[in-house]
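I've got a new model open and my notebook next to it. Time to jot down what I look up.

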Amino acid sequence: LAEARRICEEEQLPLYNALGDRREIAVTRGKIADILQAQGELDAALEMHLSRLPGAEERKDADSIAHIRYSCAGIRLARGDHERGELQVIYDELAEAFGIVMQIGRAEGIGGIGVLLGQVLAMARQTDEALAVLSTAQEAFERLGNAGGREQCDQLIRMISGGDDT
């Protein structure tokens, strides 16, 4: 991870900066954020993702906006922000990301983001909404032929609806 981060920061970013390639700069910064997260540097990872958002919004890059919002929500959950009264912020980020992937019809995003959004809705005791989102995610996984994702949704649906004690 340290070497990957070094390459991104010392080789790729300077090159993309010299070329003025804003999209690749943003992608590389996203990779650095992922590395920071893997290294346990959650605050720095969140800051890195948030720093990418204005550029994505300026470019009207819906796919990047969805990815950034989803990534920020995941980091906030990992930091335990939901236990400190920040569940609404996490929900807002996931709801925005989910709305974008639904609008552009990106099945892998609908599945992945939907699983996390469904769990956050369940945490907020929004059972009907959680079940609806998880059903949508399950359908996306079905279209993709992703049996593992489909089964994960099925398990969560059973747990939330009271059909499974695990």
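Before I start: I count two residues as touching when they have heavy atoms within 4.5 Å. I also keep in mind that this model is predicted.

**Entry 1, Phe98.** I looked up what Phe98 touches, leaving out residues up to four places away in sequence. I got Ile110, Ile113, Gly114, Leu117, Val133 and Thr136.

Where does Phe98 belong? Phe98 and Leu94 have the most contacts inside the largest nonpolar core, which has 38 residues. The elements giving two or more residues to this core are α1 (2–19), α2, α3 (42–59), α4 (62–79), α5 (87–104), α6 and α7. Apart from that core I found another one, of eight residues, including Leu131, Leu134, Ala137 and Phe141.

How do helix α6 and helix α7 pack? Helix α6 spans residues 107–123 and helix α7 spans residues 127–144; their axes are 8 Å apart, at an angle of about 155°. Angles over 145 degrees count as roughly antiparallel, so α6 is roughly antiparallel to α7. The crossing of α6 past α7 is left-handed. I listed who meets whom: among them are Ile110, Gly114 and Leu117 in α6, and Val133, Thr136 and Phe141 in α7. Sorted by class, this contact has 13 nonpolar, five polar and three charged residues.

Is Thr28 buried or exposed? Its relative accessible area is 1%, and buried means under 20%, so Thr28 is buried. I found Thr28 in helix α2 (residues 22–38). Skipping residues up to four places away in sequence, Thr28 touches Cys8, Gln12, Leu13 and Tyr16.

Terms used. Residues are numbered from 1 along each chain as its sequence is written. This is a predicted model: local features need pLDDT of at least 70, side-chain atom pairs count only at pLDDT 80 or more; totals for chains, interfaces and linings use all residues. Side-chain values use heavy atoms; hydrogens and water are left out. Helices (H or I, at least four residues) and strands (E, at least two) are DSSP runs, numbered from the N terminus. Buried means under 20% relative accessible area, exposed over 50%, partly exposed in between (1.4 Å probe, protein chains only). Axes are lines fitted to C-alpha atoms, for helices over the stretch in contact, and angles run from 0 to 180 degrees between N-to-C directions. Angles under 35 degrees count as roughly parallel, over 145 as roughly antiparallel, 65 to 115 as roughly perpendicular and the rest as oblique. A crossing is left-handed if the near helix is turned anticlockwise from the far one by less than a right angle, and right-handed if clockwise. Ala, Val, Leu, Ile, Met, Phe, Trp, Tyr, Cys and Pro count as nonpolar, Asp, Glu, Lys and Arg as charged, and the others, Gly among them, as polar. A nonpolar core is a set of buried Ala, Val, Leu, Ile, Met, Phe, Trp, Tyr and Cys residues joined through side-chain atoms within 4.5 Å.
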